[in-house]
Amino acid sequence: MNTLDSRNERGASAALFTIAALIIIGAAFAWYVQYTSTHQPRNLELTPEAKQYVHNLKLSDVEMKANESYMKQMVVEINGKITNNGDRAVKLVDLHCVFYDAYGQLVLRELVPIVSTRMGPLKPGEIKPFRLPFDTVPESWNHQMPSLVIAGIHFQ
């Protein structure tokens, strides 16, 4: 009987291991699908339609803070608001944040969303806050507000 019980225990252990492995693989696949759907590369060129509309999008109350994290790493945070003064709902708005050094040389350029599907669209007349954290700004940065340039607009 001991050999039969031993075989049953090994079989049950193998089945549990297989089920756990399948759950982990399924969770990893679900994460990958969600990540790729929210982090798709965006078209970096403004369409003619977006170029005409860009003057309707206004950034305001833009402030910058630079703090040192508990890991002794510089974290730069830019907070502000975006207003849609136009007549169309905007689904996505991407900004180029361009950081310079003391000599005016580019040290970091990052494309960041300030309106995304996660936040919901920016409707006509609506104002939404945004927060842009950066933890990869080089030490050579001049500690001035980076240039903020609208790089992409997608309409709803």
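Helices (H or I, at least four residues) and strands (E, at least two) are taken here as DSSP runs, numbered from the N terminus. The structure is a predicted model, in which local features need pLDDT of at least 70, side-chain atom pairs count only at pLDDT 80 or more, and totals for chains, interfaces and linings use all residues. Residues are numbered from 1 along each chain as its sequence is written, and side-chain values use heavy atoms, with hydrogens and water left out.

We can start with the overall layout. The chain holds two helices and six strands, which follow one another from the N terminus as α-α-β-β-β-β-β-β. Of its 156 residues, 28% are buried (under 20% relative accessible area, with exposed meaning over 50% and partly exposed in between; 1.4 Å probe, protein chains only). The chain exposes about 10,700 Å², 56% of it supplied by carbon and sulfur atoms; accessible areas come from the Shrake-Rupley method with a 1.4 Å probe, and for residues only the protein chains shown count as cover. Where contacts (heavy atoms within 4.5 Å) link residues at least 6 apart in sequence, 70% of them join residues at least 24 apart.

Three of the strands form an open sheet in the order β1-β2-β5, with antiparallel pairing; two strands pair if DSSP finds at least two bridges between them. Its edge strands, β1 (57-68) and β5, each pair on one side only. From one strand to the next, the twist averages 15°, with axes being lines fitted to C-alpha atoms (for helices, over the stretch in contact) and angles running from 0 to 180 degrees between N-to-C directions. Eight antiparallel bridges connect β2 and β5, and T83 stands opposite I127 in β5.

The loop between β4 and β5 contains P121. This proline, P121, is partly exposed, with a relative accessible area of 24%. Leaving aside neighbours within four places in sequence, P121 is in contact with V90, K91, E126, K128 and Q156. P121 also lies 7.2 Å from L92, C-alpha to C-alpha, although the two are 29 residues apart in sequence.
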